[in-house]
Amino acid sequence: MFLKGTHSYALRLTVLLAPCCFWAEVAYQGLCLFKGTETFATLGNTFGVAGYSSKQRSSPLKQNCVWDSSPWLGAVFWPRLSALLLYPWRGVSSACGSGRHVQESSSHLGAPGAASLGQEGWSLTHPVFAPDSRHGQTAAGSKAEWDRSQPLGYPPLTKILASFFGKLLGQELDPLKNVLVTVGAYGALFTAFQALVDEGDEVIIIEPAFDCYEPMTLMAGGRPVFVSLRPSPAPKGQLEYSNDWQLDPTELASKFTPRTKALVLNTPNNPLGKVFSKMELELVADLCQQHDVLCISDEVYQWLVYDGHQHISIASLPGMWERTLTIGSAGKSFSATGWKVGWVMGPDNIMKHLRTVHQNSVFHCPTQAQAAVAQCFEREQQNFGQPSSYFLQLPKAMQLNRDHMIRSLQSVGLKPLVPQGSYFLIADISDFKTKMPNLPGAEDEPYDRRFAKWMIKNKSAPSEGL
């Protein structure tokens, strides 16, 4: 039951969510998302909100509605919910996305006492063995603080990545030919799109999706082609799960044309938290091979999988290594997003094009952070599969946070969709609109944006408390 009065309700919600460092994304259900009409918002430990609107395409996620996939997560254990951020997942006024939402949210967050959070600024307890990324003197050698590393990656890091993931993918990886270290997984994605997508190429994007896939496709001259995961309603009185969202095989097959260059796969998925099953991956793999299409597999959340589910890399399936780029992130793997170290792995005949883009853009990544990540992987390789493995400890800790968030949201009348991977969680906020229908904003402004701005103005945490 909701408390009387919007302020007391919001305060109760913030107190319940404060001990949790898991994301919550919340939706107003109408005729679009789920059953939705117009709005979708994100509530998290930071209450970060991103949105897009699409007027030209028809799908259960986008017809005149706003979808949020912002991956912001801020400082853990805040005394109350801190801030709402607006971010354009789908461009509103230009092909590559409008900066209007970002500018507007910046002005709100710039107000006295508001906390400004960067994208993906979440934090967890780091591995106890994680070195300081400024440790060039000890880990990278006495000259590493001053000298550039190899442009394609710090050799100890590319070597351990090849060894560690080679076993998981069932491949003998050459550190020089099959591995590229990038400025975060974001850099890996950008490099892949720039290297492989040409003018007029079609790129299939499975929705809901991370916000960068569409603009990166457009920036490379490609054309995004969208296919939706579709929910199966849960039995009455039971919670829905992220894996209840499925691809329609016929619809997916219809998206492949002679112009299709690549398909973007994200598992575990942002923002649903869906972990694609082996059967689903085999469906994608068969279509990619049938149509000679590349697969860009964003697997940054591969260690955040819950409830006994198993992450499977599509590159490990028969016939897929030859056409797949597998992208990972030290920030997600070791809870160290500030290091901005990512990587991409794949066959040399594809990777050579990424190396060309990389060498003619960022050229190389800072050595010290790479050395720190190399040490983390060296330690993890020794402990992998054992109780001391951080990749076993991390999902256990995050599942506790997820379960706490679910109970908290349920206790105030929300209906969360249980994620089975990643650190995202979405839930129905239709009761928010019932209890708070007349929030300030333009007449045609979607409810989630008005709600976001209301929260920024009224419920943000003081910046000095961060």
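These legends go with a set of close-up views of one predicted model.

Residues are counted from 1 along each chain as its sequence is written, and because this is a predicted model, local features need pLDDT of at least 70 and side-chain atom pairs count only at pLDDT 80 or more, while totals for chains, interfaces and linings use all residues. Side-chain values rest on heavy atoms, with hydrogens and water left out.

**View 1. The whole chain, for orientation.** Of its 466 residues, 60% are buried, where buried means under 20% relative accessible area, exposed over 50%, and partly exposed in between (1.4 Å probe, protein chains only). Take the contacts with a separation of 6 or more: 72% of them link residues 24 or more positions apart. A contact here means heavy atoms within 4.5 Å.

**View 2. The seven-stranded sheet.** This open sheet runs in the order β5-β14-β13-β12-β11-β6-β7, and its pairing is mixed. Two strands pair if DSSP finds at least two bridges between them. The edges belong to β5 (179–182) and β7 (223–228); each has a single partner strand, so one side of each is left without a neighbour in the sheet. From one strand to the next, the twist averages 20°. Axes are lines fitted to C-alpha atoms, for helices over the stretch in contact, and angles run from 0 to 180 degrees between N-to-C directions.

**View 3. Strand β11 and its two neighbours.** Six of the seven residues of β11 (residues 260–266) are buried, so this strand is largely enclosed by the rest of the structure. On one pairing, β6 (residues 202–207) joins β11 in the parallel sense over four bridges, with I204 partnered by L263 of β11. On the other, β11 and β12 (residues 294–298) are also parallel, over five bridges, and V264 has I296 of β12 as its bridge partner. To get from β11 to β12 the chain passes through helix α7 (residues 278–290), in a right-handed β-α-β crossover. Right-handed means that, with the strands pointing away from the viewer, the path from the first strand over the helix to the second runs clockwise.

**View 4. The β7 edge.** Although β7 stands at an edge, five of its six residues are buried, so β7 is largely enclosed by the rest of the structure. Its pairing with β6 is parallel, over six bridges, and I206 has V227 of β7 as its bridge partner. The chain goes from β6 through helix α5 (residues 213–219) to β7, and this β-α-β crossover is right-handed.

View 5. Look for V179, which stands opposite M345 of β14. Helix α3 (residues 155–169) packs on the sheet and touches β5 and β14, with its direction at about 125° to that of β5.

View 6. Helix α4 and helix α9 (residues 348–359) pack at about 110°, their axes 8 Å apart. That makes α4 and α9 roughly perpendicular, a label for angles of 65 to 115 degrees. The contact uses T191, A192, Q194, A195 and L196 of α4, plus I350, H353, L354, V357 and H358 of α9.

View 7. Two cis peptide bonds are worth a zoom: E207 to P208, with omega near 0°, and N270 to P271, with omega near 20°. P208 lies in the loop between β6 and α5, and P271 in the loop between β11 and α7. D292, not a glycine, has a positive phi of about 55°; it sits in the loop between α7 and β12 and counts as exposed at 58% relative accessibility. D307, also other than glycine, has phi near 60°. Its place is the loop between β12 and β13, and with a relative accessible area of 35% D307 is partly exposed.

Key
Parallel < 35°, antiparallel > 145°, perpendicular 65-115°, else oblique.
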